[in-house]
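Please look over the sequence and structure shown here before reading on.

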Amino acid sequence: MRKIIHIDMDCFYAAVEMRDNPEYRNVPIAVGGTGPRSVLCTCNYIAREYGVRSAMPNGQALSLCPKLVIVSGRMSVYKAVSAQIREIFSRYTEIIEPLSLDEAYLDVSNSELFNGSATLIAEKIRADIFNETGLTASAGVAPNKFIAKIASDENKPNGQCVVSPKQIDDFVKNMPLKKIPGIGPKTAHKLSQNGFNSCADVRKASIAELQLIVGKFAPALYQRSFGIDERSLEVTRQRKSLAIETTLAEDLVSTEQCLQVLTNLLPKLRQRLEKLTDKNIIKQGIKVKFSDFSQTTVEQKSEQSNEQVYVELLNKALARGEGKSVRLVGLTLGFGQNPEQTKQLSLPM
């Protein structure tokens, strides 16, 4: 039987700031850009009681919580603390899949520690994290990644949830679909419009029916509705994309202004690209967010960061806005294997 632990730090960036700055410990704080048009990276639990959330614009957050303290992020510090936490993980298993600086999967299926108890291993990891960093973490323990990730959110903050194989069916069947990783608000709304609100609803459908709504995600969604997830941990993760974006001090109203932003962003994107070792480009993309906070992304197959391609994509994105002013512009590169490489790799030895 597989034993998977999902560790998720509690409001990680904000927690580091509260640890290092005692004056922040009992006040609502958020981490993010400090400009009036910036958005929040995260916030502490006090701020969340006011309705403040990550990715929320500063102005909206301050209207909900006028006493909110917004501090600039210190990424180098967060990375250093994350490395500390990763070292703690490595004491208990070599099979680790980091998802971000503040969360990871651990496979302890073959561990002999604590007589093989994943529950006790998770408790010890959380205790080590607290004793050595002063930060709290929550954990989910389950037979697969999907259940472990959902479980880690059940008893936050500083909590733990264990789901045994016998408990999976009861844990999953009435679960709202919006809890399933990969189902965002738009997809959840689309599913709801078609009568799918919980895993129990999905179980009654066929994969063919689901494909009409969620496309290629249908087989995975059907499996998740029964608590099935056979994915193994990805110990070495390949970078899939590189992105850079800027939220503008004032909305832009002309194509020329947006093109100037593109021209300013491209050298920064290429500078970041040069630092990557595995960078086989397969597509370029443009992201545009409009003044009403709607956004669009346009992509095209490409093998380089071609400026003219970005210009063409930007024009297509702006056309979708139908004259709306622009508050954010972003450039993306997608990485992967080109068709020739894929064909070579598939040849029999």
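The model is predicted, with pLDDT of at least 70 required for local features and 80 or more for side-chain atom pairs, whereas totals for chains, interfaces and linings use all residues. Residues are numbered from 1 along each chain as its sequence is written, and side-chain values use heavy atoms, without hydrogens and water.

## Overall dimensions

The radius of gyration, taken over C-alpha atoms, is compared with a globule rule of 2.2 Å times the number of residues to the power 0.38. For 349 residues a compact globule would have a value near 20 Å, and the 22 Å of the chain agrees with this. The C-alpha atoms fill a box of roughly 65 × 60 × 45 Å along the principal axes.

## Nonpolar cores

A nonpolar core is a set of buried (under 20% relative accessible area, 1.4 Å probe, protein chains only) Ala, Val, Leu, Ile, Met, Phe, Trp, Tyr and Cys residues joined through side-chain atoms within 4.5 Å. The largest has 33 residues, and Ile5, Phe12 and Phe89 are among those with the most contacts (heavy atoms within 4.5 Å) inside it. A second, separate core of 29 residues includes Ala148, Phe171, Ile180 and Leu191.

Buried residues form 44% of the chain.

Definitions and conventions: Buried means under 20% relative accessible area, exposed over 50%, partly exposed in between (1.4 Å probe, protein chains only).
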